[in-house]
Amino acid sequence: MIITKSWLNEWVNIESKSGEELCKTFNSIGLEVDRHEVYTVPAKIVIGHVISCEKHPDADKLNICQVDIGTSVRQIVCGASNVCPNIYVAVATIGAVMPGGLKIKPVELRGVESVGMICSSTELGLPAIDDGIMILDNSIGELKLGSALCENPYLNDELIELELTANRGDCLSVNGVARDLSAAFNIELKERRKSVAEEKQVGIGRILQLSHPRNTDVKLMYKAVNQNSFTLPLLLRLRLSMIEEECKSAIDALLFYATYSSGVILRAYGYSSFPMVQDKAQIILEVDENGYAITKGNSKASTIGIIQYEESRVNKDDEIIILEASYIHPDTISRKMAEKKIENGPLFYRTSRGSEPNLEFGLEYCQELFNAYAQTEIYGGSLELNSHHEDIVLQLSIEDISNTIGMDVEKINVTQVLQNLGFNMLKSQAGQIVVGVPQFRHDVSHDQDIIEEIVRLIGIDNIPSKPYSFTEQPHENDASSFFAKRKYYRERAASCGFYESVHFIFNERAKLKSFGFELVNEELDLVNPIAGTLDTLRSTLCLGLIEASSANAKSGRKQIKLFEVGSVFDDKRNEFIKMGFVFSGQASSEGVSNHGKPQAVGFEDFVQNISNVIGNFELRPVEISHALAHPYQSAEIIVDGNVMGTLFKLHPSVAKEYDLDDTYLCEISFDTLEYKLNTFSSYSKFQASYRDLSLVIPKSLRYAQLRDVINEAQSEEIIRFYPVDTYESEELGNNMSLTLRFMLQSEDKTLEEDDITSSIDGVLSALNEKLGIALR
């Protein structure tokens, strides 16, 4: 949002405020300043009046002008195509130094003396306005010959560009920004004069009729203007150029200026574009698949809040112009656009973020511009369509507000701030306030939103820092337990060499669908996404981790270990917390031990790294439905018979698409991760013994079957067992050799050989009996 100081000053009195003070205030109230420029016209540039203009006798493109600058008449040779007699211009007199460094002095052009220069806007350091010289008019004030333009407040202005968040549609106008400034400085907005109808005005009802369905949620207001002639004044052209806006016609430019200033969405239709019934143009509002449409016979003139079609625009033959002000709630627009991608126009951005609902105010301001700058006749009255709206009413206690902010605030100060912001202060009791939220603040719906408004106007820097004081004894709850658990596993992951990667909870719907992931039902999906590539709630952490890995790989990282703890959503928009890991590239850092050539990460490396973070688990082969997983290197993570998540190698085609080497991913349900106080148990003071058993087993046998049999048969002395080696040969055929290492220990004594042999024999007997397995 771009504004200028002089433009703002028309809405709120900030004449005494410097540009630096304005920027500091904007930043403190949450309207971040992105750019600040100062326009200064050089000294010795004065207002002149071109008395005469004759062709140069020796140059076709030059004109010899006699220019009155108040104190004298100067002869100036000018090459601009738009110079002519009886116009007011900016004249650089002798001694003036232009922004580019050019110093004005008497010169002779093709034998003709020239004393000064008639300037264009760019030569004065202003934005480009016209092709040729800048022609002055009284929109910038009284044109007094010889007056120095370096003193003109409209030409010597300060431009400020604000970076607005998506929810602050109320500040997409000079009026909205001025409203926030009035609250920040505690200065009332300037009262705008209301147009008074003339006695001889023809009523709009004689030339126009509006038909509409009942119970709509759109607001419309129409006025009619009979235009004779209209030229866009210099001030409006200069400001539109400053905000980098180009319009097709003077009417379009004036309406955009009025919209930009007031915040009300304004359009103009050619009167002749609507069908006539009994000498009245018929405007018909209909509901179609795209929303609310203004129709003209069998075709559409516009879709409210979305687009106006070219055929209905004002053309040079239209004597009567129909002015339309409209308001439709931004959620309605965004929901319709989410359902169906509809062609939209330049004002869609404003309607989808939230516009000013006071239509009469916008049309009055537009009428004020017509009266000031055009020879027009305005028809009396207006045609209106209103929709029912109930303000959101919130009740807050001053004590709660003070406790939340962290400092005592007075009720009178809170009331003043909210009133200046346009909130309605309803009847309240002692220590309580009742606030009616205005329709233009669609971003405010909860108590916390009101408190946020108070905080940003008080200024975060004005709130004293102090230690938090507990009003009750600290106690554990679900939120604190989750925080502690999340902190614990984040620290575990970091200690194992993983870096935390944080992403939006949004993903691109089309990309999720292409990889076969579950999608949020369309009717529950985002109404107003922040970007086209973040148009749905994510159902997996994997996609974000892959994209982050790809970015790291492209920046030269050879080993990439990332993790994330975050929310995912199912098709019914239920939220779940998951923990995701990715390991890509080298298994270890380059060093002497690997001669500077470390191996690529393998399945075993990844499994060991995950185990180091979450503890012991088992793997069970599984076929994963989404397309990210390698079909032959995918497994479920099992703890105590429960599935915690999945672990898999990234499919080679996906890895190639993202320019990744061998990559492994894991996604775990965070709720299934164990988090409890460590409990200590006694341990034996006697020496442990180890025995290795090399078993011949079928290749098709799952380790889980073997483990279950041993668990059932093992004696108390067997503390644990684990595989240490495998061996295959032609001699073994469809079998293989698996070596298991057993750790044996007693709480009561040092185990003797007979004790060890007895325990191991019991395991061998069970294996032989139940699985037909024997020693190699």
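Predicted model: local features only at pLDDT ≥ 70, side-chain atom pairs only at ≥ 80, totals over all residues.
Colleague: Which residues touch the most other members of the largest nonpolar core?

Modeller: In soluble globular proteins, nonpolar side chains tend to be buried together. Here the largest nonpolar core has 101 residues, and F26 and I401 touch the most other members. Helix 5 (residues 250–262) gives the most to this core, namely 8 residues. A second, separate core holds 30 residues, among them L208 and Y379.

Colleague: With which residues is F26 in contact, leaving aside its neighbours within four places in sequence?

Modeller: The contacts of F26 include I3, L8, L31, I160 and V177, and also E32.

Colleague: How many aromatic pairs are there, and how is such a pair described?

Modeller: A pair of aromatic rings is described by the distance of the centres and the angle of the planes. The count here comes to 17 aromatic pairs. In one of them, W7 and Y257 are stacked, at 4.9 Å centre to centre with 10° between the planes. W7 belongs to helix 1 (residues 5–9) and Y257 to helix 5, so this pair links distant parts of the chain, 250 residues apart.

Colleague: Why does W7 count as buried?

Modeller: W7 counts as buried because its relative accessibility is 0%. Y257 is buried as well, with a relative accessible area of 2%.

Colleague: What is the geometry of the pair Y489 and F670?

Modeller: That pair is edge-to-face, with 6.0 Å centre to centre and 75° between the planes. Y489 lies in helix 12 (residues 478–495) and F670 in the loop between strand 34 and strand 35, so the pair ties together parts 181 residues apart in sequence. Both Y489 and F670 are buried.

Notes: Residues numbered from 1 in each chain as written. Heavy atoms only, no water. Core = buried A, V, L, I, M, F, W, Y, C linked by side-chain atoms within 4.5 Å. Buried < 20%, exposed > 50% of the residue type's maximum accessible area, 1.4 Å probe, protein only. Helix = DSSP H or I, 4+ residues; strand = E, 2+ residues; numbered from the N terminus. Contact = heavy atoms within 4.5 Å. Phe/Tyr/Trp six-rings, centres within 6.5 Å; stacked < 30°, edge-to-face > 60°.
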